[in-house]
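My notes follow in the order I went.

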Amino acid sequence: MERVEITEAATKVVRQLQQKHGPLLFHLSGGCCDGSSPMVLEEEDFYIDESDVLLGVVAGLNFYMNQDQYEYWKHTHLTIDVTKGRGSSFSLEIPLGLRFIIHSRLLDEKESKMLL
Amino acid sequence: MSYTKPKFKEKYANFINGAFVPPKGGQYFDNTSPVDNSLIAQYPRSQKEDVEMALDAANAAKEAWGNTSATERASLLNKVADIIEENLEEFAVMETCDNGKPIRETINADIPLAVDHWRYFAACIRSEEGSATELDANTLSMNIKEPLGVIGQIIPWNFPLLMLSWKLPPALVTGNCVVLKPAEQTPSTATLLMEKIADVFPPGVVNIVHGFGPEAGKPLASSPRVDKVAFTGETTTGQLIMQYASKNLNPVTMELGGKSPNIFFNSVMDADDAYLDKAIEGAVLFAFNQGEVCTCPSRLLVQEDIYDAFMKRVVERTNAIVQDNPYDVGTMVGAQASNDQYEKIKSYLKIGKEEGAKVLAGGDANQLSGDFSDGFYIQPTILEGHNKMRVFQEEIFGPVVCVTKFKDEAEALEIANDTLYGLGAGVWTRDAHQLYQIPRAIKAGRVWVNCYHAYPAHAPFGGYKKSGFGRENHVMMLNYYRQTKNMLISYDKNKLGFF
């Protein structure tokens, strides 16, 4: 039972980025402009501590979200996908003309019991 | 009346050291218009080496520029304002093309406001003074303001020229040199401005470097040759920029968005008059600029005893919004700025409905026909639900408002403050007590009282909580770009007597 999953298309992009940049992580952004989107960053570039929740591992990458943001997201299941686009954040896929995106659905009763 | 897509060159360059310079690596990216998804032009895909070139220019220029008189700097800012004003329509049409917002907004809001911010900061620097205090009969403490040096600025795509005009003037007028990276979705008006003002400032004072966040933004934000970084955007990049600043022990200012409550108390419906008409418009302002505003009033809180009657009027007004060709002066809501935003908003409409939100208006993408069939249009949407739903907690950045009802003042405040953010809020009431006490109890940097979405220069703007820190649009911004030099002068001829 996973709280977060990733599509095949998004996995391919992750592989491509790993080859270029080495170890990576996902961090879900909040706020303005390109907020509420998953950012892919170099593992050593982004400071993670106990204020971040590890939601799962997708395509070999840890997927984190800030604890207080997680409180509002925890009842949903997340799938990371990729779409054409041009975010203006520091996420590494942007030069490819692509943007990671989150599709969400509610956890069903069984999933809620196991995960919450 | 309708405008048309402006003419562009095939390719544009960075503006470094007073001249247009192609990117060293020779790489470019295609910039497209969200109005119809057509190609606009190619812009430099700059890398670290291009940023370094701009930082060389800025660092070389900073000493001379920092020593120019306030008179001179202010007069150059006024010159920029005049130039934008003289070319207002050209800037407006280009902004509509690049961002997708309707022409009536760029002509009446974006560009005139940009002009005014240049003039405001020119006036500020001429009217302020330093300070001197006589600490005792023989000791004078004198405070002199000095520029920081070189500023890195990274701006967003929702109000391209206006955000540039919020950030550049206070940094320049205080004697700093700037390297600015426009958002890669909307590089056009920053470039047009450089074409128009190429000779206004000495070379190296203003530098514009285009490119992507990880390739051009990161080397700018992390450079030890930058003395401060100002950023508007989202929280993860905000954290990254603060990490880099911590390595350089540099100050930063951050504007990171919000989820702003717009609260309507029952007295708004005491009479069916001009004020009620204004209040209804105030609720519908969620659709302004396609909802792509950090302070979008995206949570609508309505007192329960007027809820049905008030919402009936709000839904009617929302359904009357004209969403069409953004170049037409009759169009009220245009296109979202990019495909990924369009996809993100659609995913929010989906999860909102799944969470049980009821659609009162809109609720889907808007497929326009003809020339605009490939553009990114979303119907102005009202979702009814409760504050724990994700659509009530996350910045959708689309023309989507989430409405819920409240019983009394206490519940209104509880809902209003139940958010990670604190940038803007609106309070609508005819009750003189409420119009002071409620805004004071809301944890947000800007509370509009019986109005919304006004952004005049001379009123400080910035966030509480996770919305960031720093205050723009106001004289206090000058000190975010300056050091204080304290000179402590003794007029006593006698020694201390210690040694």
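Predicted model: local features only at pLDDT ≥ 70, side-chain atom pairs only at ≥ 80, totals over all residues.

**Salt bridges**

I began with A:Arg99 and A:Glu93, and both are buried (under 20% relative accessible area; exposed is over 50%, partly exposed in between, with a 1.4 Å probe and protein chains only). The two form a salt bridge, with the closest N and O atoms 2.2 Å apart.

Residues are numbered from 1 along each chain as its sequence is written, chains are lettered from A and ligands numbered from 1 in the order written, and side-chain values use heavy atoms, without hydrogens and water.

Next I picked B:Arg225 and B:Glu52, whose closest N and O atoms are 2.6 Å apart in a salt bridge. B:Arg225 sits in the loop between H7 and strand S10 (228-232) of chain B and B:Glu52 in helix H1 (residues 48-66) of chain B, so the pair ties together parts that are 173 residues apart in sequence. Helices (H or I, at least four residues) and strands (E, at least two) are DSSP runs, numbered from the N terminus. B:Arg225 is partly exposed at 28% relative accessible area, and B:Glu52 is partly exposed at 23%. I also found B:Glu52, B:Asp56 and B:Arg225 linked in a network of salt bridges.

Within helix H11 of chain B, B:Lys346 and B:Glu343 lie 3 residues apart, about one turn of the helix. Their side chains meet in a salt bridge at 3.7 Å, N to O.

**Where the chains meet**

I then turned to the contact (heavy atoms within 4.5 Å), which takes 52 residues from chain B and 43 residues from chain A. The two chains bury about 3900 Å² between them, 55% of it on carbon and sulfur atoms; that is accessible area (1.4 Å probe) lost on putting the two parts together, summed over both. How many salt bridges run between chain B and chain A? I count 2. A:Asp45 forms a salt bridge with B:Lys218, closest N and O atoms 3.1 Å apart.

**Aromatic pairs**

Searching the whole structure gave me 19 aromatic pairs over all chains. Rings of Phe, Tyr and Trp (its six-membered ring) pair if their centres lie within 6.5 Å; planes under 30 degrees apart are stacked, over 60 edge-to-face and the rest tilted. B:Trp166 and B:Tyr455 have ring centres 6.3 Å apart and planes at 45°, so I logged the pair as tilted. B:Trp166 is in helix H5 (residues 160-173) of chain B and B:Tyr455 in the loop between strand S19 (446-449) and strand S20 (464-465) of chain B, so the pair ties together parts 289 residues apart in sequence. Both B:Trp166 and B:Tyr455 are buried. By contrast, I noted B:Phe498 and B:Phe499 as an edge-to-face pair, 6.5 Å centre to centre with 85° between the planes, and both of these are exposed. Ring pairs also link B:Trp166, B:Trp448, B:Tyr452, B:Tyr455 and B:Phe461 into a cluster.

Note on methods
Salt bridge = Lys/Arg side-chain N within 4 Å of Asp/Glu carboxyl O.
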